[in-house]
Every structure is written in C-alpha cells, then in structure tokens.
Amino acid sequence: MFKAALLAACGCAVRAPTALPPPAAIAPTPSARQLAWQELELCAFVHFGMNTFTGREWGEGTEDPAIFAPESLDCRQWARVFKEAGMKGVILTAKHHDGFCLWPSQHSPHIVAQSAWRNGKGDVVRELSEACREAGLKLGVYLSPWDRAHPDYGDSPRYNAAYRGQLEELLTSYGPIFEVWWDGACGEGPNGRKQVYDFDGWTALVRKLQPDAVIFSDVGPDVRWVGNEDGSAGETCWGMISPAGYGRGAGGPPQEMLNRGLEDGTDWLPAECDVSIRPGWFWHAEEDAKVKSLVELDAIWHASVGRGASLLLNVPANRSGRISDGDAQRLVEFHRYLDAIYSVDLTRGARATASNVRGEAASLHGSGGRFAPGNVLDADPLTCWATDDGVAEASMELKLPASRRIDRILLQEPIALGQRVRSFTVEARVDGGWKEIAQGTTIGRKRILRFAPLETSAVRIHIRSARACPMLSRVGLFRGT
C-alpha cells in the first residue's frame with residue numbers, strides 16, 4: 001500500500017498522456033511487506049524462557065519444567081514499557097534452542113503446560129498477543145529450528161513435520177504476526193544424525209498463513225541479519241544483497257556482505273540490527289547493573305536506524321515475569337532523549353533550490369512542482385525531489401530563514417523506487433563561505449550524520465554519484481548538543 005501511494009504521489013498513477021513521467025524504479029525494489037516493516041524502525045526482542053531460571057544462555061533441553069515459575073508475569077507491563085519507549089513491535093522467543101515452548105504446543109513434549117505455572121494452563125504467547133493488541137504493538141515470534149529437547153530432532157522428515165506443526169500453531173492462534181525470526185543454529189540430534197531443515201517448506205507456510213509477515217534470517221527472504229550482534233550496520237549500507245548459493249548459519253553470506261549490502265545485489269533484503277540492552281540475551285541478576293548507558297544506546301541507534309537499517313533491541317524479562325525497573329527506565333529515558341532532538345526540525349521556514357529538477361530546464365529552480373526540491377521539507381514520505389533521467393550528480397541548497405545552530409543532518413530516499421545514492425557531501429555556509437561538514441556513501445531508508453556543532457544560515461547537499469537519477473524524500477536539520 002505504501003509503495004502504491006508513493007508511486008502515485010511521484011506520478012506513477014494513471015494520468016493524462018502529457019503528465020510528466022516519474023523516474024523509473026531501479027531494481028531491486030522492496031515489496032509492500034518490506035516497506036511496511038522498514039517504517040517500524042525500532043522493535044523489542046524479548047528473550048524469556050527456561051534460561052531465565054537456570055542462568056544460562058543456551059539450555060540443554062533436559063531442564064525440569066517445574067523450574068519455570070514466573071510468579072508475577074505481566075505482559076501488559078512489557079507492552080506499556082515498550083510503547084512508552086517508542087517501539088512499534090515485540091518479538092518473543094516462543095521457543096529457544098532448549099526446545100521449551102512458551103505455549104501449549106501439541107507438537108512437542110517440552111512445553112509450558114508441564115509446569116505448575118497458571119495451574120498448567122499458562123500460555124505466554126497468548127498473554128503477550130493480547131497485551132500487544134491492547135497497546136497497539138505488533139507481535140513477532142522467534143521459533144528456534146534447533147531443538148535440543150525434541151525426540152525427533154535429527155530425523156529430518158519427522159522433526160520438520162513437528163516444527164511445521166509448531167509454526168502453524170503460532171501463525172493461526174495468536175492474530176497477526178509481523179515477523180518470523182529464524183537463525184541457522186543446528187546441532188547434532190540425540191542419535192547423532194544431522195538435522196536438515198525444511199526452510200523452503202516453512203517459508204511457504206508463513207506466506208500462506210501470514211502473508212504480511214516478513215521473514216528474517218541470514219538470507220531473508222525478506223530481512224537479513226546485519227552480520228553482528230552489536231547493533232551496527234556498515235557506514236555503507238545497501239538494502240540489497242545476493243543470497244543465491246548461501247544458507248543460514250555456517251553457510252551464510254560473508255559478514256561484509258551482510259553488514260554493508262551490495263550495490264549490485266540481486267534481492268532487496270534490508271538489514272536488521274539485533275543487540276541486547278544487557279551483556280547477555282536472557283535475564284541474569286548479576287547484569288542488573290550492566291544495562292547499556294544512554295551514550296551506548298545513542299551510538300547503537302545512530303549506527304542502525306541512522307544508517308538505513310532497523311533496530312531490534314533485546315530487553316529480557318526477569319524471573320518474576322516483568323521487565324526490570326532499570327531496563328524500563330533506561331528505555332524511556334532513551335526515547336525521551338531522541339524525541340527531544342528529532343521532534344524539532346530546524347529546516348522549518350527554509351527555502352529549497354536545486355541544480356536540476358525533473359522536467360525543468362533552468363539551472364536554478366524554486367520550490368513548486370511535483371518533483372521540486374521543496375518537497376523534502378514537507379515531512380511527507382510520499383513526496384520527493386527528483387532530477388532528470390541521465391543525471392547522476394546534483395546538488396540542493398536549503399536557505400534557512402535565520403542562522404541556526406545544528407550538529408546533525410537527516411536524509412531519506414524514496415526507497416519504493418530503489419536505492420540510488422552512492423556518495424554525497426554536506427556543506428554549510430560559515431563566515432560567508434561554504435565549509436564541508438559531512439560526507440557519506442549510501443542513504444537509503446534513513447541516513448543521519450553527526451558533526452561538530454556550528455552556526456549556519458544555509459546547507460548544501462551534493463549528490464556526487466548515484467545508480468540512477470537522484471531522488472530525496474526528506475532533509476532534516478537538528479541540534480543535539
């Protein structure tokens with residue numbers, strides 16, 4: 001829907017024959033589900049399960065279900081925290097490598113119903129799905145393919161059928177699912193046989209039962225791992241890679257490809273940056289004093305969302321079944337910090353001109369028209385500045401109504417028509433002359449560059465190189481210091 005709206009706004013809807021044609025899309029381009037997912041930007045990951053009570057990161061599958069006892073589980077508290085932190089969705093570890101299912105699955109012997117919690121009738125997935133629905137958050141699931149408890153693991157046909165049954169339960173019983181999260185962890189089965197996962201069959205099932213859900217893994221097919229667990233995308237970050245010939249886990253694409261993407265990649269597979277707010281993924285009491293600082297979270301956000309990727313921030317629930325107070329306070333503090341900066345766009349009242357505007361022949365252009373430079377100032381992602389076909393280098397100038405102090409710039413491309421910019425520079429008018437203050441390579445969904453604070457009355461963005469005629473949907477100026 002977003003893609004269709006952008007195409008229409010840029011002139012791709014059916015118009016009179018004399019209407020100015022929009023730039024042609026440059027492949028590969030995102031699907032509707034990918035565009036909707038990229039608009040979320042920040043979501044929560046919740047590692048919760050048997051490891052929460054054993055103190056481990058990877059369980060063995062032999063844990064006694066009786067130890068699962070979150071006496072004060074409150075998924076509504078999770079949802080309140082995440083909502084107040086500006087997050088748009090939550091992905092739950094419905095089953096981690098130890099195989100313990102947080103819902104009463106009919107396809108596993110190691111499930112929450114074996115515990116005494118909620119008198120054997122508990123269902124964490126259901127409680128979270130209801131809390132998310134009430135709070136207006138999206139729900140996603142991490143269902144580990146590796147299962148150290150399942151007796152059929154290592155017998156590929158039998159286990160794949162059981163996993164398919166688990167997946168079907170999650171996709172049909174809990175409402176809309178926005179993301180299915182897969183890793184490639186694969187250990188030997190109890191009989192020493194190697195499990196061969198049926199990812200193709202499972203992908204087809206997701207497409208059938210939850211067609212709007214994106215699927216995450218090393219090779220997508222919708223969203224790619226960024227190649228690290230630091231929450232950091234590359235300074236150059238293309239939305240495309242070439243996944244053919246690679247698998248998940250040990251056979252995945254090279255780290256550099258995952259982190260940076262490929263300019264000539266065959267598939268649109270945007271990066272998701274996963275990182276934990278604590279040293280570990282699961283809650284450990286000894287890490288209560290090791291929650292990431294505001295400075296650390298700021299660096300992570302700018303290295304992920306600020307480089308065109310999305311951020312999946314893990315916030316584990318504790319043994320009582322709640323998000324710990326320290327984690328919650330830090331999340332809210334971080335959201336307020338970002339909001340204080342990025343809710344005040346200092347381009348307000350600016351006048352935009354450009355060296356080239358699509359369909360106009362003059363060398364300097366005003367702010368009117370379908371592809372005019374002024375479109376980058378209207379906060380509408382469905383409008384944009386665009387140049388003529390064949391233009392690979394162009395510049396835009398923003399004249400501010402008065403001198404303003406800035407220390408960061410935000411740029412966005414209308415990625416529904418493909419990612420274009422290879423390199424750019426940013427200059428500011430300082431003491432009567434132009435001074436280069438930042439430079440970069442890719443822009444994509446969103447690019448934020450920070451620089452030393454300065455006073456300026458004008459800023460110029462120079463697109464040095466692009467895969468096709470440059471297009472920008474937004475330019476913003478901000479002050480954080």
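Helices (H or I, at least four residues) and strands (E, at least two) are DSSP runs, numbered from the N terminus. You're in a predicted model, where local features need pLDDT of at least 70, side-chain atom pairs count only at pLDDT 80 or more, and totals for chains, interfaces and linings use all residues. Residues count from 1 along each chain as its sequence is written, and side-chain values use heavy atoms, with hydrogens and water left out.

Now show strand E11 (residues 351-354), which pairs with E13 in the antiparallel sense over four bridges; two strands pair if DSSP finds at least two bridges between them. Select E13 itself, residues 394-412: 14 of its 19 residues are buried, so the rest of the structure largely encloses it. Buried here means under 20% relative accessible area with a 1.4 Å probe, protein chains only.

Zoom in on Ile409, whose bridge partner in E16 is Leu449. Strand E18 (residues 474-478) is joined to E13 by five bridges, again antiparallel, and Arg408 stands opposite Phe478 in E18.

Next, hop to the barrel: eight strands close up in the order E1-E2-E3-E4-E5-E6-E9-E10, with parallel pairing. Select strand E1 (residues 42-46) and strand E2 (residues 89-95), a parallel pair with three bridges. There, Phe45 stands opposite Ile91 in E2.

Last stop: helix H6 (residues 156-173) packs on this sheet, touching E2, strand E3 (138-143) and strand E4 (179-181). Contact means heavy atoms within 4.5 Å.

Technical notes: Buried < 20%, exposed > 50% of the residue type's maximum accessible area, 1.4 Å probe, protein only. Axes fitted to C-alpha atoms, helices over the stretch in contact; angles between N-to-C directions.
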